[in-house]
Amino acid sequence: MKITKICCIGAGYVGGPTMAVIAQKCPEIKVTVVDINQARIDAWNDENLDNLPVYEPGLDQVVAEARGRNLFFSTAVDQAIHEAEMIFISVNTPTKTYGEGKGQAADLKWIELCARQIAAASDTDKIVVEKSTLPVRTAEAVNDILSNTGGGVKFQILSNPEFLAEGTAIEDLHHADRILIGGESTPEGKEAIEALVDVYANWIPREKILTTNVWSSELSKLTANAYLAQRVSSINALSELCEATEADIDELSRAIGADSRIGGRFLKASVGFGGSCFQKDILNLVYISRSYGLTEVADYWEQVIKMNDHQKGRFAKKIIKSLYNTVSGKKIAFLGWAFKKDTNDTRESAAIYVADHLLSENAYIHVYDPKVKARQMYADLDYLTTRKPEANKELLKVESDPYKACKDAHAVAVLTEWDEFKEYDWQKIYDSMLKPAQVFDGRNVLDHEQLREIGFRVYAIGKP
């Protein structure tokens, strides 16, 4: 089966970049990305590529190459579904905030709505591809809806989880470690798998395209993120021990990372992991384990989240303690709000929770981030419902100039590892701050010895 038309439902951080690269690498396939959010689609269609709703290095060039040729962004969802032979579901699957499984289970309402819309708009057989991060056996529910509401149309359900790291998504798509495709072992299922394999084989070597059953594919995505998050929480737990014993976490990481059985990746201590995937997927794993009665398994993975929360709280408390146990009325500068560099994504960013802790102590926070807009920062805080939106706006100010953010501040906290922070004139920043001037490096990206020579008091994660 040769695919000539693809539709992707969801124009977010996964759907947009993934479909842009597929369109770039497969010029003979018409790729249409649809979303009900008109403003988001307008941004994807904006002539000024600086206004794309997702910031990823290299994404603008990919979109410029394919958009209008064989890459299209539209709100005409039913039409795109009707025309397509293969439909990717790439909608949000947030953690439930209500009812059974609140705080742990994935909220699958958007997945179900997509399935029903696909069924209603289809009059020819389709391959439906799960691209969203989903709990194990979600394909079963999608298949049940499609089979019973599809009016005789046949659907094949595939699982094709993404393994992108935000900030390097385009590089990850161009040079993937592996592509994972799960499907049924029936002749029709194998044909559907091969159709998707053929799409990726336009630029990915076939030996890097792994095929499994649907359930293994769905669980592999949750497991991959859980393992990576576990490494981050493990090194962060050791960072606290380093501070207590005057060991150096970077030296420790280098020593254990040199062991080929361990390797050096994801051994960078920090204020904590963020992003849309790690916490959500581990909580999902915890919920699924508990639903099968696997209490010890659930408790094991839940500890990864507890350690991450502890690290963020510990960082905030260190700021308070260093400022004579009160930050009330004091100005604290935040450098960075995104959960990591080279992205404008703020979901579960450590900055949100550190800020919330300090704002509850009546601190005044001035934030600079090169890519995150003010409205997003306020939305992140408002979502926590710790205080009224008016209070958030009063206590937190967003600055467009990092030097202005730091002027007259009692302390500077680095929450995102943007490269530009290393290049600042720190002498100028020191001269403009209240003394003693303090720097809290939550990402260990600055030259701490140089800062101390200037006169700063420096607190760094896992350092003596």
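The model is predicted, and the values below are computed from it.

The sheet is open and has 6 strands, which follow the order E11-E10-E9-E12-E13-E14 with parallel pairing. At its edges lie strand E11 (396–398) and strand E14 (457–460), each of which pairs on one side only. Neighbouring strands of this sheet are turned against each other by 20° on average, with direction ignored. Within the sheet, strand E9 (residues 331–335) runs parallel to strand E12 (residues 411–414) and is joined to it by 4 bridges, and Ile 332 has Ala 411 in E12 as its bridge partner.

Two helices can be described against this sheet. Helix H12 (residues 295–322) lies across E9, E12, strand E13 (438–441) and E14, and it runs at about 170° to E13. Helix H13 (residues 350–359) also packs on the sheet, where it touches E9 and strand E10 (364–368), and its direction makes about 175° with that of E9.

Elsewhere, helix H1 (residues 15–25) is mostly covered, with 10 of its 11 residues buried; among them are Pro 17, Met 19, Val 21 and Ile 22. Ser 217, which lies in helix H9 (residues 214–245), is buried with a relative accessible area of 0%. Leaving aside residues up to four places away in sequence, Ser 217 touches Ser 159, Asn 160, Pro 161, Leu 180, Ile 181, Gly 182 and Thr 212. Tyr 292, by contrast, is exposed, with a relative accessible area of 58%, and its place is in the loop between helix H11 (278–291) and H12. Together with Leu 294 and Val 297, Tyr 292 makes a nonpolar surface patch of about 300 Å².

The structure holds 22 salt bridges, and the table gives some of them.

| Salt bridge | N to O distance |
|---|---|
| Glu 83 and Lys 30 | 3.5 Å |
| Arg 314 and Glu 243 | 2.8 Å |
| Lys 404 and Glu 399 | 4.0 Å |

The pair of Glu 83, in helix H4 (residues 77–83), and Lys 30, in strand E2 (residues 30–34), links distant parts of the chain, 53 residues apart. Glu 83 counts as partly exposed at 32% relative accessibility, and Lys 30 counts as partly exposed at 32%. Arg 314 lies in helix H12 and Glu 243 in helix H9, so their pair ties together parts that are 71 residues apart in sequence; Arg 314 is buried, with a relative accessible area of 12%. In the remaining pair of the table, Lys 404 is exposed at 52%, whereas Glu 399 counts as buried at 13%. Finally, Glu 166, Asp 345 and Arg 347 are linked in a network of salt bridges.

Technical notes
Residues numbered from 1 in each chain as written. Predicted model: local features only at pLDDT ≥ 70, side-chain atom pairs only at ≥ 80, totals over all residues. Heavy atoms only, no water. Pairing = 2+ DSSP bridges. Axes fitted to C-alpha atoms, helices over the stretch in contact; angles between N-to-C directions. Contact = heavy atoms within 4.5 Å. Buried < 20%, exposed > 50% of the residue type's maximum accessible area, 1.4 Å probe, protein only. Patch = residues over 30% accessible without salt bridge, like charges linked within 9 Å, V, L, I, M, F, W, Y side chains within 5 Å. Areas by Shrake-Rupley, 256 points an atom, 1.4 Å probe, with all protein chains shown as cover. Salt bridge = Lys/Arg side-chain N within 4 Å of Asp/Glu carboxyl O.
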